[in-house]
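Here is a short note to read beside the model. Keep the view open and find each residue as you go.

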Amino acid sequence: MVLIIGLIAVSLLAISVVFAATAVNISAHKLLSLADGAVAAAADNFELTAGGDEIATIRLQPAEVRHAAEKYLSDTNAHAGITGLHIISAGVAGDSVTAHVRLGAVVHPPIIGWVVPRGVPIQVDAYARTLLSR
């Protein structure tokens, strides 16, 4: 009888850990989807420089990348779906055509949420490159 009760307790614990891990994984995928959309919107805000016989060049500005990412997140009402959503960093890589956005959030896993009352912090990175072609 004691072994059966122990087996049931271990089984319930294993099931709750699987539920918690699945919740964190699903939330990370949602956050990555938001980061992809935000960085794609940010990469579309480039500055085109062309004139005369010069070769046309494009550049991204870090402030514009962050503003575009913030606007995307507010336009999609992303804060309603994910707890503690915030932009950790947003900027431009050294080549001036690659935008970078890092988002963070907090996941409160089901069943074992009392073990981690502050939640599990997650963060994701997304990159997008702006290209100029004919």
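Predicted model: local features only at pLDDT ≥ 70, side-chain atom pairs only at ≥ 80, totals over all residues.

1. Begin with helix α1, residues 2-43. α1 has 42 residues. From first C-alpha to last, α1 reaches 61 Å, close to the 62 Å expected at 1.5 Å a residue.

2. Next, look at how α1 meets helix α2, residues 62-75. Their axes come within 8 Å. They cross at roughly 130°. The two helices are therefore oblique to each other. The crossing of α1 past α2 is right-handed.

3. Which residues of α1 and α2 make the contact? From α1 come Leu34, Gly37, Ala38, Ala41 and Ala42. From α2 come Val65, Ala68, Ala69, Tyr72 and Leu73. Nine of the contact residues are nonpolar, one is polar and none is charged. The spacing in such lists is worth a look. An α-helix has 3.6 residues a turn, so residues three or four places apart point the same way.

4. Now check burial along α1. Its buried residues include Ser16, Ala20, Ala23, Val24 and Leu31. Leu34, Gly37, Ala38 and Ala42 are also among the buried residues of α1. What covers the buried residues of α1? The cover includes α2, α3 (78-81) and the strands β1 (46-49), β2 (57-60), β4 (98-107) and β5 (120-129).

5. Last, find Glu70. Glu70 sits in helix α2. Glu70 and Val24 are 46 residues apart along the chain. Their C-alpha atoms are separated by 23 Å.

Terms used
Residues numbered from 1 in each chain as written. Heavy atoms only, no water. Axes fitted to C-alpha atoms, helices over the stretch in contact; angles between N-to-C directions. Helix = DSSP H or I, 4+ residues; strand = E, 2+ residues; numbered from the N terminus. Parallel < 35°, antiparallel > 145°, perpendicular 65-115°, else oblique. Left-handed = near helix turned anticlockwise from the far one by under 90°. Contact = heavy atoms within 4.5 Å. Nonpolar A, V, L, I, M, F, W, Y, C, P; charged D, E, K, R; others polar. Expected span 1.5 Å × (residues − 1). Buried < 20%, exposed > 50% of the residue type's maximum accessible area, 1.4 Å probe, protein only.
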